[in-house]
Amino acid sequence: MKRSFFGWGKPRLKCSVIGIQEKEGPAGIPLPAKSFIHVKEAFAGVDDLLIRLGTKVRTGQRLRLTSRSEGHFVSPVTGTIRSITPPAGYRGQASTSIAIEVTKDEWDEEFGKTERASSLKNARAFFDSLPGEPDFGSLLRYDPLPKTLVINGVDKDLFVITSQLAASTGGEDLARGIDALKGMIGAERMLLLVPFPLVDRVKAAGVEVKGVDPSYPSTLPRLLAKKVLGREVPVNGGFQDVGVGFVGAEAVSALGKAERSGLMPVEKILTVVGKEGSRVNARARIGTPVRDVLNALKVGAAHGDRVVIGGPMTGRPLLSEDTPVEYDTDAILVQDGTQIIRNSDAPCVNCGECVRACPARIPVNMLIRFLENGLWEEAADRYDLFSCVECGLCSYVCIARIPIFQHIMLGKYEYRRTKIAEESHA
């Protein structure tokens, strides 16, 4: 980090760029004894479920949770369902956790017998989820389909090199996935974004390769859209509002591999960062508990340490190491308990560091006052709550150690929850 002596400059954080050692490829993580699937959907009662305890599932099999389910989920392993529980997901999202006792892989044959993903209809049927972030299924549901398609090989957080690895080592599968995307989306322009040092290392026929500065927070997708394409995503809007689709390089490579092999993608590449700063790339089956990944790589996590899904700026701490690797798990970070900087409930001292650091130019010093007092609507209407790009710089520079980023995430959640409640009682 480089900062002005007088504190007037923004912090300059450089993201990691893939090195020569990563050419060896990710380390393979063995199949777990028990796999967990998190479905972003709830069920009203046992009678609603289309699956039951004791149901046997196959690897790559498409399943539906209830008869009212609009989509499906894919079993990443072969085995027997041992539990179905309804825990609340991240930010209170309704979800269902399904535990599967794992046995030897038996691949489901449905996908292998169908026309491949160049058909948009079949892509929507089979690829609602692909490894990588952002969510691939949301791209397929754009109406109309985007005119510009960005394949993102830039990692959005510090220490993480997952997307870069997928872009630089994807090879034939990446090229095949790009061809499939052309057929299903029909975008007028397609470009692959990678950090500047990787431009000469990436070979992707049929797509424009563009280098970007690997400095944080300019690696965040919304800021990339503004800097590279000159398109600003509106507040409370998405990329579809500006005719742009973002898809991760890992998802495109997985799509190409599925085209080639006839098997559904069920593995995830992730970056694992240990307490001493060591970094290793791994390839794990989706549904593998974080505990199993750390044990396989001999990355220690003792009592009092913090385990984070994602990077240090935008990641979220885990309550349990039984939390599984999911489609969007790009990184696992372990922080030594003695090195964690504790948050404070001290009041804002109005130093202005957060305002200077904010890439969205939000008056954060005023916003936090409303959020701390639960005034969600005022925070949104008067102080641009939803203009926040969720970079976490405000918490990083706060000299009072106020958890500003967490207040903002809570504020967005509570505001939307309040609005949904109001609409349901209108």
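Among contacts in the chain between residues at least 6 apart in sequence, what percentage join residues at least 24 apart? The share is 67%, a contact being heavy atoms within 4.5 Å.

The model is predicted: local features need pLDDT of at least 70, side-chain atom pairs count only at pLDDT 80 or more, and totals for chains, interfaces and linings use all residues. Residues are numbered from 1 along each chain as its sequence is written, and side-chain values use heavy atoms, with hydrogens and water left out.

The chain contains 12 helices and 18 strands, taken as DSSP runs (helices H or I, at least four residues; strands E, at least two) and numbered from the N terminus. Its radius of gyration is close to the value of the globule rule for 426 residues, so the chain is as compact as a globular protein of that length. The radius is taken over C-alpha atoms, and the rule is 2.2 Å times the number of residues to the power 0.38.

| Quantity | Value |
|---|---|
| Radius of gyration of the chain | 22 Å |
| Globule rule for 426 residues | 22 Å |
| C-alpha span along the principal axes | about 65 × 50 × 50 Å |

Of the 426 residues, 51% count as buried, that is, under 20% relative accessible area (1.4 Å probe, protein chains only).

β4 is joined to β7 (residues 78–85) by 2 bridges, and Val57 has Gly79 of β7 as its bridge partner.

How values were computed. Buried means under 20% relative accessible area, exposed over 50%, partly exposed in between (1.4 Å probe, protein chains only). Two strands pair if DSSP finds at least two bridges between them.
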